[in-house]
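Let's take a friendly walk through this one, question by question. Have the model open beside you.

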Amino acid sequence: MTAPHWDAEYDVVVIGAGAGGMAAALTAKIEGCSVLLVEKTDRVGGSTAVSGGAVWAPLNAQSARVGHPDSFEKVWTYLRNTVGDAAPAGMQQAFLRHGAGMVDYFEKHTAVRLVARSYSPDYYPDREGAAFGGRSLDPATFDGRELGAYFRELRDPLPEFMVLGGMMVNMTDARHLLAVTRSFTAWREGMKLVLRYFADRLRGYHRGTRLVLGNALAARLFKSVIDRGIDYWLDTPVEKLDVSHGAVVGVSLVRAGKPVQVRARRGVVVATGGFPWSEELRSAHYPAPTGPWSMSPQGNRGEGIALAREAGAVLGQGHTNPAFWAPVSILQRPDGSVVRYPHLVWDRAKPGLMAVNGAGQRFVNEATSYHEFVRAMYRSHATVPTLPAYLVCDSDFMEQWGMGLALPGGRPRDHLVKAGYLVKAPTLRALGDALGIGGAALQATAERFNAQADQGRDDDFGKGSTEYNRYLGDAAHQPNPCIGALRQGPFYAVKVFAGDIGTAVGIACNENAQALDAAGQPIPGLYAAGNDMHSVMGGEYPAPGITLGPALTFGWIAGRQLAQAAPSHP
């Protein structure tokens, strides 16, 4: 067999410039490999850049310092009580054994800085082994100006994570901005944000350079890629993995419209973000109905998974959910463009909002995790139409909290009503009729909900009954920070669909992030990370950051393994 003609040679080629891909590229480079990072889009950051940015890394060195000493036995008990056998025990244990080391490694060798949350309950706080803080970390705020001219190559965050047309905000920032007229501290902090943002725009930046959430994490990884001198090629789709004698030895890609073959002496990592925008794969793996409701970048169409399967890899088995779910509302703009809003942590848990199905009945604890909310949608839909479902609130709630794209504080909403995104009516009965779910049914549901809210409890679904619920509620609203009555008209509703923030089905891998073949054996030279790897959580969602934590950890593991691998001989 004639050896291929290589146009370029590297020790390692990484496909996909999200957290998993950049973690693998950085680690391999730091450990002495030459590395090429390729990205099919024109931006760096992938799903990470548009995410909330939380990283679940139990047993990290900061846990005890923020008041939550942890142990392997405790967190392993929690995983058994949430993930169970939905993912191989060895993969779960590998993640726990290496996650803390990954955090330390990137802290020492890169610009990545993660800060443990002093209070952030796991999503099932009543299950044995759960923690109320310490396990989830957030990326430290990053100054985008440190990227210089490369700032424009960083993927922009979701517009919903920005205000004033380009200023990023997290939950703390949002609370300050909503309270600027009621608190001097809030006014001072809010003014700092606004003045910094306008200064950025006056300097010619296309958006604010104060980066938070997942955009800060992507920026910190990207800054490290630049600092380490890693070659990266944008607008470069990979067409196939080159295989010789059963080993992956290179990639065939297209750069500037021309075919290019690149040898990967030690191996290739696929980390292209899963398949949430592949209609074919969604239809094959998602429950029905499904649709184009993902919050992931639309470039995430499963190419990495397809490449790996063509090279002999197989999909993992044994998951409970094919995706990580989130209820998503959708605005159709007059120009035909679409805006998707993920109802993650801001509105659903607040007092004065209830969710109903197509019969005008509640079906879920509205303050549960976004993943569990959509699971409840599918369960309800088996007997009553619940796809879509409806979030309902009154005028007082709207003015204080807003709902989805409808902002609080008297901001304009008529355009959302006109577009059909927001439904408004003077009474609950009229709202139910306008939604086509029955005005009398919605009125009756609200009356029962209100009677319980007046007592500060939810006997039907337990809204506000867990530490996680209350964490996202309104602490000033007592006795239950999550439940309040809907009485003040006009009333509003937003339609939500069974969306996702990424896929859980991916390439089966072992504890070393090596892709496996149908016989369960590692394919030489082929690794996976991020959502291209079959979920180490088995499609369960135990806590904030359970996608980025494993993505970074197994990207790091892959990079270390590649640095130790023997060069291939095509």
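**Pocket, strand and loops**

The second largest pocket holds about 380 Å³ of space. This is a predicted model, where local features need pLDDT of at least 70, side-chain atom pairs count only at pLDDT 80 or more, and totals for chains, interfaces and linings use all residues. Residues are numbered from 1 along each chain as its sequence is written, and side-chain values use heavy atoms, with hydrogens and water left out.

Q: Which residues lie nearest the centre of the second largest pocket?
A: A pocket here is an open set of points on a 1 Å grid over the protein atoms alone where a 1.4 Å probe fits, with protein on both sides within 12 Å along at least five of seven lines; lining residues have an atom within 4 Å of a point. The lining of this pocket has 18 residues. Nearest the centre are V50, L158, P159, M295 and Q298.

Q: Is strand β19 largely enclosed or open?
A: Strands are DSSP runs of E, at least two residues long, and helices are runs of H or I, at least four, numbered from the N terminus. Buried means under 20% relative accessible area, exposed over 50%, and partly exposed in between (1.4 Å probe, protein chains only). In β19 (residues 491-503), 11 of the 13 residues are buried, so the strand is largely enclosed.

Q: Which residue of β19 is the bridge partner of K424?
A: Two strands pair if DSSP finds at least two bridges between them. Strand β18 (residues 422-425) runs antiparallel to β19, with 4 bridges joining them. On the β19 side, K424 has as its bridge partner Y492.

Q: Which residue of β19 is the bridge partner of A323?
A: Strand β14 (residues 323-332) is joined to β19 by 5 bridges, and the two run antiparallel. The β19 partner of A323 is T503.

Q: What is omega near for the peptide bond from G489 to P490?
A: Most peptide bonds are trans. P490 sits in the loop between α15 and β19. The bond from G489 to P490 is cis, with omega near 0°.

Q: What is the relative accessibility of H245?
A: You'll find H245 in the loop between β11 (238-244) and β12 (247-255). Its phi is positive, near 55°, in a residue other than glycine. H245 counts as exposed because its relative accessibility is 74%.

How values were computed: Points joined across faces, edges and corners; volume = space filled by probe spheres on them.
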